[in-house]
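Here are my notes on the model, point by point. Please keep the sequence and the structure open while you read.

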Amino acid sequence: MNNPAINTQITDDLSKLLEILPGAIRQRLQQHPQLNTLVEVVLDLGRRPEARFPGKAEYLSDEPVTQIDINDCIARVGDFGGDNRAGIEQTLHRISAIRNRRGEIIGLTCRVGRAIFGTIGMIRDLVESGKSILMLGRPGVGKTTALREIARVLADDLEKRVVIIDTSNEIAGDGDVPHPAIGRARRMQVARPELQHQVMIEAVENHMPEVIVIDEIGTELEALAARTIAERGVQLVGTAHGNQLENLIKNPTLSDLVGGIQSVTLGDEEARRRGSQKSVLERKAPPTFDIAVEMLERQRWVVHEHVAETIDSLLRGRQPNPQVRTVSETGKVTITHELSSTDFAGTFRRTPALPKLDRKDGFLIDNPPIGRSDATWSKGWRSAGQMRPLPSTDRERELSNQQQFEELWNQSLEADLESEADVSSLGSPSFRSLAAEKGDRGEPRFGLNGEDLLYVYPYGVSRHQLDQVIQTLRLPVVLTKDMDNADAVLALRSHVKNHSKLRQIAKARQVPIHTVKSSSIPQIARGLRRMLDMDDPSSPDATNLDLYLNRGDSDDEIEALEEARLAVEQIVIPKGQPVELLPRSASVRKMQHELVEHYHLKSRSFGEEPNRRLRIYPA
């Protein structure tokens with residue numbers, strides 16, 4: 001989808017910023033060929049003055065900055081507020097101070113403020129929709145510039161009553177008279193940054209706005225004030241700390257902006273229907289903002305038109321399908337849809353993929369189609385949604401086998417229970433002999449490196465956990481939905497006990513059934529290793545921390561897993577003594593539990609939040 005080109009116009013009042021700088025630095029900048037792209041000037045006591053441009057920085061003098069130079073600059077700007085920011089009257093420039101322990105200013109960051117008209121052409125249709133919009137992005141990507149232009153368009157072009165909550169005077173400039181870049185929008189200044197939430201409510205109660213514009217929502221009180229404003233029917237346009245929506249989900253202070261997150265315990269039927277564990281995270285309330293815009297780059301924005309649907313998808317582990325809007329050098333806007341190449345929009349650790357194989361029986365796994373990444377395609381035909389049909393004779397046999405198992409397969413569920421490992425096998429011929437028989441029929445039973453491949457029919461075991469274990473440990477295992485082509489069945493013990501039909505069919509086809517007591521990662525890993533004759537019950541497996549990093553790869557999670565590993569290997573096993581670990585969050589404790597279970601040891605959590613922690617017991 002293409003939109004008409006956007007015309008931009010830049011106003012920066014750069015001369016007024018240069019006037020506050022020392023003479024030698026000002027002259028050097030005035031002669032600089034890239035003056036129009038200047039980002040900021042840094043003056044630190046005892047260091048050489050520095051000018052920063054996009055992608056590079058340059059020294060402006062060989063002489064270090066003195067206290068006299070800094071004091072001279074301070075005298076030419078307004079007063080510094082509680083956030084250590086000041087400005088120049090009727091400009092958008094921002095001067096930020098660095099103080100020593102005595103409160104004296106020993107450094108200045110003089111940042112150029114520019115009013116860029118036409119920057120919101122990519123999302124003008126969203127601005128005109130009347131829905132609340134949240135802008136996200138790293139510092140310097142242009143959030144405040146976009147916010148200023150949105151305020152002007154709403155006030156001038158759409159003739160709405162717009163009030164700007166300007167805590168640091170960044171949006172409308174310093175001084176009592178606002179900068180012309182905000183058009184007819186009104187500006188309310190904030191005496192101290194910690195009072196921003198009060199001014200937000202005051203604006204609604206006293207000035208009857210149709211739109212309120214807020215920069216940098218950063219505290220819980222401000223998030224609650226934003227919800228109060230939205231519930232009164234006022235359109236909100238704001239920015240928040242974070243690059244993506246996932247950052248807000250993980251931030252307990254700001255998660256209310258996207259509806260808040262709560263833990264819910266599902267009933268047995270609902271958990272079975274969803275194919276999830278019984279304790280899940282769900283959105284608590286409607287999001288404060290209807291639309292979210294992730295400003296990845298100045299010319300590339302990701303738009304979530306329905307924040308509620310995106311949050312629900314992320315909490316259930318599904319990939320959202322947001323809009324990606326880009327603008328070319330000629331001003332042409334292009335709107336496309338893209339699927340993220342990693343789970344949870346790239347926040348989870350990605351493990352190496354097994355070689356892709358072609359199958360002559362069942363569904364064929366193709367090479368990645370045009371437009372699909374290897375990372376997405378490597379998750380298999382089930383998640384990719386791409387299959388290639390077989391010739392009619394093979395398909396008839398496939399369908400006849402699948403009809404017998406359709407009822408059982410639909411009852412499969414993905415449980416995530418923490419329990420002691422219990423792996424067993426129901427008496428049947430070994431998969432090695434079956435693999436040889438099927439190899440004689442011309443079916444490919446070897447990987448690219450010549451190793452035997454084990455085709456496993458999973459029943460009631462989490463497919464996501466299976467994929468993670470197979471890819472992380474690089475096991476020669478391929479999951480199949482065709483019982484005739486399976487070397488073995490991996491099933492939950494409770495399911496095998498309750499479904500005699502599965503045992504009968506497996507026995508008739510001479511397919512061994514291996515059972516695990518739960519669908520946790522350690523038990524799945526142990527079960528697959530025993531099926532491959534790789535597991536020695538007398539000693540724990542070589543530990544692979546990637547296997548237990550179920551989600552995320554933060555330093556805290558890696559440190560917690562390493563702490564648990566060292567406690568087990570250096571104290572619990574050799575000395576036979578219990579060990580208490582440091583307090584961790586619930587999700588990190590779960591990873592530690594799974595790691596301890598990998599060593600065939602017991603652990604439990606005790607204490608009250610936020611000091612709840614693990615205790616590991618010897619065998």
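Predicted model: local features only at pLDDT ≥ 70, side-chain atom pairs only at ≥ 80, totals over all residues.

1. Start with strand β28, residues 613-617, where the side chains alternate. Leu614 and Ile616 point to one face and are buried.

2. Which strands pair with β28? Strand β27, residues 602-606, is joined to β28 by five bridges, and the two run antiparallel. Strand β26, residues 579-580, pairs with β28 over two bridges, also in the antiparallel sense. Arg615 of β28 is a handy landmark for both pairings. Glu580 has Arg615 as its bridge partner, and Arg604 stands opposite Arg615.

3. Look next at the turn of the β27 and β28 hairpin. Six residues lie between the strands. Gly607 takes a positive phi there, near 95°.

4. Now the open sheet. How many strands does it have, and in what order? There are six, in the order β5-β4-β3-β8-β7-β6, with antiparallel pairing. β5 (56-59) and β6 (85-87) stand at the edges. Each has a single partner strand, so one side of each is left without a neighbour in the sheet. Neighbouring strands here are turned by 20° against each other on average, direction ignored.

5. Within that order, take β7 and β8 as a worked pair. Strand β7 covers residues 94-99 and strand β8 covers residues 105-111. They pair in the antiparallel sense over six bridges. Helix α3, residues 67-75, lies across β3 (40-44) and β8, and runs at about 55° to β8.

6. Turn to the helix pair α6 and α7. In general, two packed helices are described by the angle between their axes and the distance between the axes. For α6 (residues 196-207) and α7 (residues 220-231), the axes come within 8 Å and cross at roughly 10°. The two helices are therefore roughly parallel to each other. From α6, the contact is made by Gln196, His197, Met200, Ile201 and Val204. From α7, Leu221, Glu222, Ala225, Ala226, Thr228 and Ile229 take part. By class, the α6 and α7 contact has seven nonpolar, three polar and one charged residues.

7. Arg232 pairs with Glu205, and their closest N and O atoms are 3.9 Å apart. Arg232 lies in the loop between α7 and β14 (235-240), while Glu205 is in helix α6, so the pair ties together parts that are 27 residues apart in sequence. Are these two residues buried or exposed? Arg232 is partly exposed, at 45% relative accessible area. Glu205 counts as exposed, at 51%.

8. Compare a salt bridge inside one helix. Arg152 bonds with Glu149 in this way, with the closest N and O atoms 2.7 Å apart. The residues are three apart in helix α5 (residues 143-157), which means a separation of about one helical turn. Arg152 counts as buried at 16% relative accessibility. Glu149 is buried too, with a relative accessible area of 3%.

9. Helix α20, residues 555-575, holds another such pair. Arg565 and Glu562 lie three residues apart in α20, about one turn of the helix. They form a salt bridge, and their closest N and O atoms are 2.4 Å apart. Glu562 counts as partly exposed, at 26% relative accessibility.

10. Some salt bridges join up. Arg85, Arg94, Glu170 and Glu216 are linked in a network of salt bridges. In total, the structure holds 28 salt bridges.

11. Last, the whole chain. The chain has 21 helices and 28 strands. Of its 619 residues, 48% are buried. Consider contacts between residues at least 6 apart in sequence: 63% of them join residues at least 24 apart.

Technical notes. Residues numbered from 1 in each chain as written. Heavy atoms only, no water. Axes fitted to C-alpha atoms, helices over the stretch in contact; angles between N-to-C directions. Helix = DSSP H or I, 4+ residues; strand = E, 2+ residues; numbered from the N terminus. Parallel < 35°, antiparallel > 145°, perpendicular 65-115°, else oblique. Contact = heavy atoms within 4.5 Å. Nonpolar A, V, L, I, M, F, W, Y, C, P; charged D, E, K, R; others polar. Salt bridge = Lys/Arg side-chain N within 4 Å of Asp/Glu carboxyl O. Buried < 20%, exposed > 50% of the residue type's maximum accessible area, 1.4 Å probe, protein only. Pairing = 2+ DSSP bridges.
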